[in-house]
Structures are given as structure tokens and as C-alpha cells.
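Dear colleague,

Please find below the structure that I am handing over to you. A summary of the findings follows it.

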Amino acid sequence: MLLLTAYVSLLHRNWLEKQFQNGRLLRAHKHERLALPTVSRPASKLIWVHVDGEEGALGLSEFLWRLSEKGLGAILLTSQEDLPDHFISKRIPPSIIYQRVPLGVQSITKRFLDHWSPDLLIWASTALSVRLLHDARRKGVPSIWVDIRLSYARRRKWFLMVNYYRSLIRSFDLILCQDRVTRRLLRSFGVGRQRIHVLGSFVGGGAVPDDSKARRLRWTEVLRDRQIWLAAQVTPGELNTVYDAFDRARRQSHRLLLVLQSSSERPDGLRGDQFFIAHKPSPNDYQREMDVLIVPKKDLGMWYRLAPVCYLGGNLSEGESHNPFAPAALGSAVITGPRWTRYRDLYTRLELRDAIEVVAGAQGLARTVAQTISPDRAAELAHRAWDVSTEGAQVADKAVAYVSEILIPEQRDEAA
């Protein structure tokens, strides 16, 4: 047994070294991976929340803010992947302690749990870490599995180790899942009905881009006779597609104005001689003859609010998908391509509710823009998307109530 433990420990350390070498993890955080924290444990109760990576943390951001505001105790957030610095500084409460999750080696997890001694574990991932969950259970830490959606495909993937996963899943004191299918699958693992609650998805709400209200009102005034189509986060490989779609769409909507934000160094591309293009204009520079306004990324919050229709780039090329809830939460009807490299769950939820338009190329994009730009259609699509993007706030409130009942048993007794 000692030889086996030493062998597993060596495997984990070799894996960690490979992650450092290929850049997936930062060597600067090695001490956290080895459970050598430089932060002291707060004297109050401690709630430990675990996520996979940035997308998981984004989904829980509303919940984390509300949990922090409730004041039930200090919050420790861990992630399997490194969260980017800008995400940590802007999307989670500043009072939260953030650490990378330690390696799943018994000596390391023991050191981690001994140092932090959490009063509650909130696990927000379908990746079940055997060592951490097992050791937390042995230490007597209550645990909640949250924001979970399982499929029959995942159930089949777990088939060969069904007993192993059954014991892990049944170790949770409470499971807050997204839908009835997940509840049915959890019941098949032998989880008691009273320990499963269907809440819906946590994803939604959270921070939205800022804007200048005075500047927005000025643009609203000067563009009152134009139909605005925003193309945001457009990659260099999508520029010609967007320009072709704009050329087609304005034949049906003659007052159409394209507001373009792109990562390209030359966002006018090869079409600059075919359109009247203005780079980073102010409301005072606007002329009625302008066809395209090229705007900086920092102004997207304003244009999401102004444009009734937004094509969200990165999904018609080999680029990276962007969070569709930002324009949706600000009232813009969202059009996207079919290649969802990130935020797949968010795009899928919008598509299932008919709250997003998915196109495959310039012709489809042009036709969809011309159809969606009509006030009735844009309002209908935007309203559905807004409903989906904001429902996470209600789920977060319910989840915080469950956390309160576990940490403060008197509340559960009073409710009973």
C-alpha cells in the first residue's frame, strides 16, 4: 500500500510538471498546488467553493456575490484551472480568498484540509475528485453538489466504475441540480429523494459592461433615424463575412448602420473602399453618409444597450466564443455562428429557448439581420434572451437559503 501511494503521488507530481511546461498551469502557483498556502485561515466559519475553471466560476459569480453579501462566513474559492487575473479582480467579490486546488495526493489534501478546516464544501463541477471528496467526508465536512446537469451519455461513461461514482455521489448531503433528467439519473445512483432539489441553472446575472449614460443618450439622438446592427468581438477571419452580410442586408434595410468592434489591426479589411467607414467616431463626428462605425472594445457596454441586434463574433471562424449573456442581459438580440468553442452551455440554453439566432455564413447572416432588425422580432428575441440570462439570480437566492440552513441549523428548525 505504501508503494502504491508513493507511485500515485509521483504520477500526480509528473502530471503537474507537464502542465507547467505546456503553459496550462503557472509555475508561480506551485505552492498552492502542493497545499502550501501563504494566506491564513479566517477565524470565522469558512465556506469552501470549488469550480473547474473560468466558465464554471462565471456561472457561479451571481451566487458568490449573494453568498458574500449574506455574511454566513468567509469564502474560499478553488479551481482546477488557473483563473485569469482580470476575472478574479472584476467578477468575484474582493473578500473571497482564491486558491488553486491542490493535487489529489493524500498527504497534500490532508495538509490543505488541516489548514483551511472548512465548515462547508460547495462542489460545482461534474469532475468528482476522489481524494478531495473522500478526505473531506472523513474529516466530517458537510458537502453540497450544485449547478449539476447530467446526461445519459455521462451515465454510460461512468458505467464501468458505477459503484465508485455511486459512493461519491451518495456522499453529498445535498444536491442542487438543473433539471428533472439529472434528478432521475441521481435517483438511479441511489440518492434519496429528499436530498435532491431541482433549481435550474446558476448561470446568469452577474456583471455587465459599463457605459457612459450621457454619451449613450447623445448617440441615441444622432442615430434616431438609423437601424443599428452591432458586430462585436469579430475576428480577422470573419471580417469579410460580416462586410458581405452588411452589403446584402442593407439592400433590404436602406437605413442600416454597421457598428463594428474587431480584434483585427485593420478592421476595414479589404472593403474599406466600398463603404464610408469611420474609425472611433464621437457623436459630434457623425455624418448621415456613414456606413460603418468602428468602435473600441471598451465601448461595447454602450453599444449592447443601443443596438437592437448584435452578431457576437468568434463563432463563424476558428476564433474563440464569447459570453452571450452580456449583450442578452442588456437587451440586444443575439446572432451567432455554430462553432461554440467556449460557453457552450450558455449558447445551448439560449438556443433551446429560441432566444438566439444561429447562422452558418454571410448569406444566412445577412438574411437573419434583415429579419431580426424589425422592432417586433428584435424585441421578442431580446426578451427571451433576457429571461434566460437573468434567471440565475433567482436560483442563486434559493441556493443561498439552502446554505444558510446547513450552516445555521436553527433556521431549518424554525422553518420546519
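**The parallel sheet**

Seven strands make up an open sheet with parallel pairing, in the order β10-β11-β9-β8-β12-β13-β14. Its edge strands, β10 (277-279) and β14 (357-358), each pair on one side only. Strands here are DSSP runs of E with at least two residues, numbered from the N terminus, while helices are runs of H or I with at least four residues; two strands pair if DSSP finds at least two bridges between them. Strand β13 (residues 333-336) pairs with β14 in the parallel sense over two bridges, and isoleucine 335 stands opposite glutamate 357 in β14.

This is a predicted model, in which local features need pLDDT of at least 70 and side-chain atom pairs count only at pLDDT 80 or more, whereas totals for chains, interfaces and linings use all residues. Residues are numbered from 1 along each chain as its sequence is written, and side-chain values use heavy atoms, leaving out hydrogens and water.

The protein has 18 helices and 14 strands. Of its 416 residues, 51% are buried, that is, under 20% relative accessible area (1.4 Å probe, protein chains only).

Yours sincerely

Definitions and conventions. Buried means under 20% relative accessible area, exposed over 50%, partly exposed in between (1.4 Å probe, protein chains only).
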